[in-house]
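Please read the following note alongside the sequence and the model.

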Amino acid sequence: MAIGYYFIALLGIFACITNAEATGTDQPMVTFGGFGSLGVSHSSMGLGDYVLDSGIPSGPGRSEDWSTTNDTRIAAHLAAQFTPKLSAVLQVDSEFHSGNSYQPEVEFANVKYAFTPNVSIRAGRLALPTFLESENRDIGYTYAWIHPPIEVYRQEPITHSDSVDVNYRLQIGEVGNSIKAIYGRSTIETNDFPTTSNLSSKHLWGIFDTVENGPATIHVGYQERDTDSEYLLTGQTGTLVKDSDLSVGAQYDPGDWFAMSEWIQRKSTYKTGAMYISAGYRVKKFTPYLTYSQNSPGSFLSGFPPPSSNGIRLANRSQSTVSLGVRWDFMKDTDFKFQFDQVKLSDNSNGFLANVPANVSLYGAKFHVISAVVDFVF
Amino acid sequence: MKPLEIIRNCLKLLLLAMSTVTASAHADVVVIVSAKSPITSLTAEQTARIFLGKASSFPDDGDAIPIDQAEGSAIRDEFYSKVVHKNSSQLTAYWAKVIFTGDGRPPEKLESNVAVRKAVANNPNAIGYIDKSAVDKSVRVILGQPVR
C-alpha cells in the first residue's frame with residue numbers, strides 16, 4: 001500500500017516538472033532541501049545503553065564510551081507544488097537503526113489537496129502529531145534542546161503512519177485554531193521486545209487540535225490504535241491490544257524566552273503517564289535552557305491476562321531527568337548545542353536503558369549523560 | 001557617592017545605552033497593501049500570522065498574499081524582529097518545521113523595496129513591507145508610522 005503512495009508522489013513530482021506554469025506564481029515548482037545533525041554523547045552508566053527511542057539498538061554506556069547513534073541523522077526533502085491546490089512531499093531520512101546501519105528510509109511521502117487555503121486532505125506516509133514537536137522531532141534545528149525529553153517522547157514510538165488526514169484551520173480574531181483528524185496504520189521497528197521486531201498498529205485514528213494566540217500555543221490530542229504488542233511479547237497469537245493516548249501541551253514563546261510543558265496519559269494493558277517542563281532564555285546567539293522530565297511506572301488494568309515478565313519489565317520502566325543545556329546559533333542555518341543530563345532510574349526498573357545484562361539490576365541508579373550536536377538545515 | 005545616586009547614575013547610563021541602540025536601527029519599516037485594496041489597517045499580530053502562513057486571508061476576508069524581502073537584508077531583519085518577534089535563526093527554524101512537515105512554504109521573496117512596492121501595488125491581495133522612504137501613492141501603509 002505504501003509503495004502506491006510513493007508512486008503517486010513521484011508521479012506528481014514528474015507531472016509538475018513537465019507543467020511548470022501550473023501554480024501561476026513566480027515560486028519554483030519543486031523545492032529541494034534537507035536537514036541534519038551530527039551528534040555525539042557519553043553516559044557515565046557503563047551497564048546499559050542510553051538510547052533515545054526504541055528504534056535505536058545501541059548507544060553510549062555499555063556498547064560505546066562515546067556514541068553517535070542518538071543524535072546523528074541526515075534527511076533530504078523534496079516538495080512539489082503542482083497547482084495552488086495540489087502538492088506533495090517526499091522525505092528520506094538516514095539515521096541509526098537495527099543492523100547497525102544508517103540505511104535511508106522514507107519518513108514522509110504524501111500528496112496534499114487543499115480545497116481552500118484552510119481545508120486540506122493528505123494521503124500517504126504522514127507524521128503523527130502527538131506532541132508539540134512530534135512532526136519535527138528529527139529536525140534538531142527547530143528546537144532548543146539536543147533532542148525532545150525522552151521520558152515523554154518515548155511514550156509515542158510511532159513517528160509516522162500510512163494514513164489519510166484532514167486539516168481544518170479557523171481564524172477567530174487573532175486566535176488561530178487548527179484541527180486535524182487522522183486514520184491509518186503503521187509499522188515501526190522496535191527493540192523494546194525480546195528480539196528486534198516490527199510493531200504493527202491497525203485502525204489507528206486520532207484527533208488533534210492546536211490553538212494559537214500570539215506567543216501562546218496549546219495542543220491537545222487523542223488517539224487510539226490496535227497493536228500486536230502482546231504477540232511480540234509472548235510469541236502467542238491473540239487479540240490485538242488497544243492503545244490509547246491523551247496528550248496535552250502548552251508553549252509560551254514571546255521571542256526572547258520560552259517556557260513549555262507537555263503531558264501524556266497512555267493506556268494499553270496498563271496505564272502510565274509522563275510529563276516535562278522546560279524553559280529557556282535567548283541572549284543574543286545563545287539559548288540556555290533547563291528541563292525536568294519524568295514518566296511514571298505503569299499500573300496494570302483489569303480484564304487482561306496476567307502480564308508476562310517482559311510485559312512487567314516494559315510497563316515498569318520509569319525514570320526522571322534534569323537537563324541543562326545551551327544552544328548557540330553560531331552560523332547561518334547552523335547551531336551547536338551542548339547538554340548535560342542527570343538521570344535517575346526508578347526504584348524498581350532499569351528505566352529506558354537498553355542492553356542491560358539479564359542478571360543486572362540498576363534500580364534507583366543515578367548517572368549523567370553529556371551530549372553535543374551540530375544541527376543544520378539546507 | 002550615596003547608593004541611591006549610584007543606582008540613579010546606572011539607570012541614566014542604561015537609558016542612554018538603550019536610546020543609542022534604538023537610534024542605530026536605520027531601517028524604518030512599514031507594512032503596505034495596494035492603494036486598490038480595501039484594507040486600511042492591520043495589527044502586528046494579524047500581519048505576523050499572514051507572513052508566517054498561519055492565516056491566508058485578511059481579517060475582513062479576501063485572500064492575503066505576503067511578499068517577503070531578501071534573506072539577510074536589514075529591512076527583513078527589522079520587520080521580523082519588530083512585528084513577528086523572531087530573529088533570523090528563529091525564523092529559519094520556524095520555516096524548517098513548516099516546510100519539512102509539508103504544512104506550507106514561505107512567501108515569495110523580492111530583492112528590493114521598489115520591487116516589493118511594485119508587486120504590492122499591482123495586486124490588491126498582496127501585502128508587503130518596505131522602508132518608509134520607498135512609499136508612494138501606489139500603496140497604502142497599514143501598519144507602522146503613517147507617511148505624511
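1. Strand 1 (residues 29-34) and strand 5 of chain B run antiparallel and are joined by four bridges. Helices (H or I, at least four residues) and strands (E, at least two) are DSSP runs, numbered from the N terminus. Opposite B:Val31 stands B:Leu143 of strand 5 of chain B.

2. This is a predicted model, in which local features need pLDDT of at least 70 and side-chain atom pairs count only at pLDDT 80 or more, while totals for chains, interfaces and linings use all residues. Residues are numbered from 1 along each chain as its sequence is written, and chains are lettered from A and ligands numbered from 1 in the order in which they are written.

3. In chain B, five strands form an open sheet with mixed pairing, in the order 3-2-4-1-5. Its edge strands, strand 3 (108-110) and strand 5 (139-143) of chain B, each pair on one side only; two strands pair if DSSP finds at least two bridges between them.

4. Helix 3 (residues 74-84) of chain B lies across strand 1, strand 2 (65-69) and strand 4 (126-131) of chain B, and runs at about 90 degrees to strand 1 of chain B. Axes are lines fitted to C-alpha atoms, for helices over the stretch in contact, and angles run from 0 to 180 degrees between N-to-C directions.

5. Between the chains, 31 residues of chain A are in contact with 20 residues of chain B (C-beta atoms, placed from the backbone, within 7 Å).

How values were computed:
Two residues are in contact if their C-beta atoms, placed from the backbone, lie within 7 Å.
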